[in-house]
Amino acid sequence: MDSTAIDRFDTSRFEASRNRLASLAYRLLGSAADAEDAVQDAFLHWQAADRQRIKVPEAWLTKVVTNLCLDRLRSAQARRERAVGAWLPEPLLDGDPMLGPADTFEQRETVSLAVLTLMERLSPLERAVYILREAFSYGHAEIAEILDITESASQQHLHRARRHITTARRGGGELDPAAARRVVEEFLAAASSGRTERLVALLTDDATAISDGAGLTKKLLQYDTPERIAAIARAGFTSTPAKQRLAGGVSAVHFALVNGAPALLFVPGGKVVGAVTFDLTDGKIATVRGIAAPARLLRLTDAWRQHEPDAPLITEW
């Protein structure tokens with residue numbers, strides 16, 4: 001086999017792992033754009049390596065991507081960007097290959113916006129161990145090899161990560177999409193018609209709302225009582241000419257599933273300009289996230305344009 005054929009063969013071996021590596025990097029970084037960069041950097045490492053000496057390419061590539069992501073998480077720039085109160089994960093439309101693997105509840109939960117946000121409280125090593133174990137089912141011996149730690153350290157990191165996430169996790173359990181859609185439709189109807197009492201009734205007593213302010217503020221905007229959330233929802237879901245200009249036109253409002261959670265998407269002309277996601281607990285809304293920073297919606301928009309949506313809940317907003 002000549003060198004050109006070898007390069008093609010080795011490139012195909014890398015491409016066979018690309019989606020898995022991207023889903024690993026996305027879980028570690030919470031950003032599709034950063035995940036794609038990490039995978040591309042891993043490809044450069046793969047090209048530069050003596051590939052004939054790599055016995056198990058999948059294991060080698062997993063180690064490279066994991067450590068590239070850990071370097072990113074530990075960097076001073078990342079710590080500034082991801083400061084508490086200033087960062088939200090990038091939402092992805094259900095069906096995006098970056099959300100896989102998704103065969104089990106545990107795998108799906110590791111890519112929920114709720115858990116991606118909670119993982120910001122973990123150390124980079126705790127986060128890596130948690131994801132490698134819960135999402136990719138690696139054993140502690142394999143994780144120890146990937147992260148250059150002992151098996152005992154891997155077990156301790158996993159225990160701490162599970163404790164932190166379980167303690168802070170609100171609600172949970174498998175989602176009933178039909179029931180979730182009914183709650184979100186009620187929320188939209190109440191917000192757009194100004195029915196404050198109905199909005200409050202749809203929220204848990206300790207509900208919270210978080211918005212990235214369309215990327216116009218350095219800090220996230222947070223609201224922590226049902227009454228305040230109802231007030232901001234009424235204001236946010238009221239269409240005005242100024243909002244339409246900011247959105248780039250009249251939007252259709254669609255129901256969708258984003259990172260496994262129910263969501264409302266604001267879509268003028270095929271471009272997603274806003275995503276409002278909901279975490280549910282016992283049939284009520286526990287967390288509302290408003291994401292409208294353009295950089296966080298690029299991949300979601302690309303996926304939406306290839307998607308066959310249901311009829312919009314509101315045709316002109």
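These legends describe close-up views of a predicted model.

View 1. The protein chain holds 14 helices and six strands. Along the principal axes, its C-alpha atoms fill a box of roughly 65 × 45 × 35 Å. The radius of gyration is 21 Å. For 317 residues, a compact globule would have a value near 20 Å, so the two agree.

**View 2. The largest pocket and its centre.** The volume of this pocket is about 1,000 Å³. Its lining counts 37 residues. Nearest the centre lie S211, A214, V273, G274 and A292.

**View 3. The elements and residue classes that line the largest pocket.** Several helices and strands each give at least two residues to the lining. The strands are β1 (203-211), β2 (221-223), β5 (274-281) and β6 (284-291). The helices are α12 (226-236), α13 (241-247) and α14 (298-305). Helix α12 supplies the largest share, five residues. By class, the lining has 26 nonpolar, six polar and five charged residues.

**View 4. The crossing of helices α7 and α9.** Helix α7 spans residues 124-134, and helix α9 spans residues 151-168. Their axes come within 8 Å. They cross at roughly 90 degrees. An angle from 65 to 115 degrees counts as roughly perpendicular, so α7 and α9 are roughly perpendicular to each other.

**View 5. Side by side: the residues where α7 meets α9.** From α7, the contact takes in L125, E126, V129, Y130, R133 and E134. From α9 come S154, H157, L158, R160, A161, R162, H164 and I165. This contact of α7 with α9 divides into six nonpolar, three polar and five charged residues.

**View 6. The cis peptide bond at G100 and P101.** A cis peptide bond joins G100 to P101. Its omega is about -5 degrees. P101 sits in the loop between α4 (76-81) and α5 (105-109).

**View 7. The backbone at D148.** D148 has a phi near 55 degrees. That is a positive value in a residue other than glycine. D148 is placed in the loop between α8 (140-147) and α9.

Note on methods: Residues numbered from 1 in each chain as written. Predicted model: local features only at pLDDT ≥ 70, side-chain atom pairs only at ≥ 80, totals over all residues. Heavy atoms only, no water. 1 Å grid on protein atoms, 1.4 Å probe; cavity = no way out; pocket = protein on both sides within 12 Å on 5 of 7 lines; lining within 4 Å. Points joined across faces, edges and corners; volume = space filled by probe spheres on them. Helix = DSSP H or I, 4+ residues; strand = E, 2+ residues; numbered from the N terminus. Nonpolar A, V, L, I, M, F, W, Y, C, P; charged D, E, K, R; others polar. Axes fitted to C-alpha atoms, helices over the stretch in contact; angles between N-to-C directions. Parallel < 35°, antiparallel > 145°, perpendicular 65-115°, else oblique. Contact = heavy atoms within 4.5 Å. Rg over C-alpha atoms; globule rule 2.2 N^0.38 Å.
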